[in-house]
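Biologist: I would like a close look at one residue and then at the charged pairs elsewhere. Please keep it simple.

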Amino acid sequence: MMAGIEDLSKYVSYNTSNTRTYFAHQVNQKLLDNTNISYMISLLTAFNQTHEALFNKDRASLYRTFHIPKASGGLRRIDAPEPELMNALRQLKTLMEGNMFALYHTSAFAYIRGRCTVDAIKRHQKNESKWFVKLDFADFFGSTTLEFVLSMLSMIFPFSEIVKRPGGRESLEKALSLCFLNGGLPQGTPISPFITNIMMIPLDHRLSNTLRNFEKDRFVYTRYADDLLISSQRDFDKDKVQTFISDTLKEFHAPFTIKPEKTRYGSSSGRNWNLGIMLNKDNEITIGHKKKKHFKAMLDGYTQTKKTGGGWELHDVQVLSGLISYYRMIERGYIDYVIKTYSDKNKFDIEANIKADLSA
């Protein structure tokens, strides 16, 4: 256990649902006194020594590369680490999360336990937003460099203190270097999403705080990986918002930029789909009419097949089960109603049969 960890809780919140970011020009001396920075550096040094052989191997040989279809079309490259590297990257993530209390900004929602796309949209729903602009970063993972990550971590406690101590920057830089492939963060590792969320804390903080009262209006900012969503109760100039974000990226010397061709602006009166979820004109979060129709068809198809003595492939049952869980997060009342209606109508317990199929 890190020395002084009990006293440290007075200054740092370990409640992962509360990740409020505080800005200060100088770290509080009490916080410094109760944080064993030397111990953190020793953990990084020990990690590097334990995995020294990996640093000396050809990095490309430590990955399996394949491609998967994107929802928007095209293919996404996935670089999956071989077991030895995968184990090391998991260890480093655990070390940074557990011993360096690396959390995330409240505006970040991707790859974070206890947060999801629905939570991001709820932030805009709470504001009763009517107008939305969606922006994307271009090559967010691939263009992120080790140099940029280190520059951002140098603004975030306790990494800001680690890099100041003798051997601290070198140990942190070497450990993080194991996370990179061909100069960028590969998609397919357990630590790449973690690193992006940590490095984005200063940017998320600046964007969120400034947009809260931007151009004499209240905006809500959320980020889901490389997808940014900014909303307001009133019509606004999306170009001014986009320019502000682009200027902020330049200020922080970010290696990625806004992809202008992906920028989309509209109101909740239209087809207001964001992160696969609709926030409609009545300020209700919904899966939408087409998805509801398709979901009913799946329930009916599954029910009729089972009642006639047939069965679905395991993968198809898993998809249906996953949809039920996901849709319940969005519209629990409606999903429960539909499942009960189809079960009662056919005298067939849909969820009990799905559970039995999954455990068979």
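What is the relative accessible area of Asn 99?

Modeller: This is a predicted model, where local features need pLDDT of at least 70, side-chain atom pairs count only at pLDDT 80 or more, and totals for chains, interfaces and linings use all residues. Residues are numbered from 1 along each chain as its sequence is written, and side-chain values use heavy atoms, without hydrogens and water.

Asn 99 has a relative accessible area of 23%, so it is partly exposed. Buried means under 20%, exposed over 50%, and partly exposed in between, with a 1.4 Å probe and protein chains only. Asn 99 sits in helix H5 (residues 83–99). Helices (H or I, at least four residues) and strands (E, at least two) are DSSP runs, numbered from the N terminus. Cys 179 is 80 residues from Asn 99 in sequence, yet 18 Å away in space, C-alpha to C-alpha.

Now the charged pairs. The whole structure holds 21 salt bridges. Each one is a side-chain nitrogen of Lys or Arg within 4 Å of a carboxyl oxygen of Asp or Glu.

Take Arg 328. Its relative accessibility is 17%, so it counts as buried. Arg 328 bridges to Asp 336, with the closest N and O atoms 2.6 Å apart. Asp 336 is partly exposed, at 29%. Arg 328 also meets Glu 351 in a salt bridge of 2.9 Å, N to O. Glu 351 lies in helix H16 (residues 350–359) and Arg 328 in helix H15 (residues 314–346), so this pair ties together parts 23 residues apart in sequence. Glu 351 is partly exposed, at 33%.
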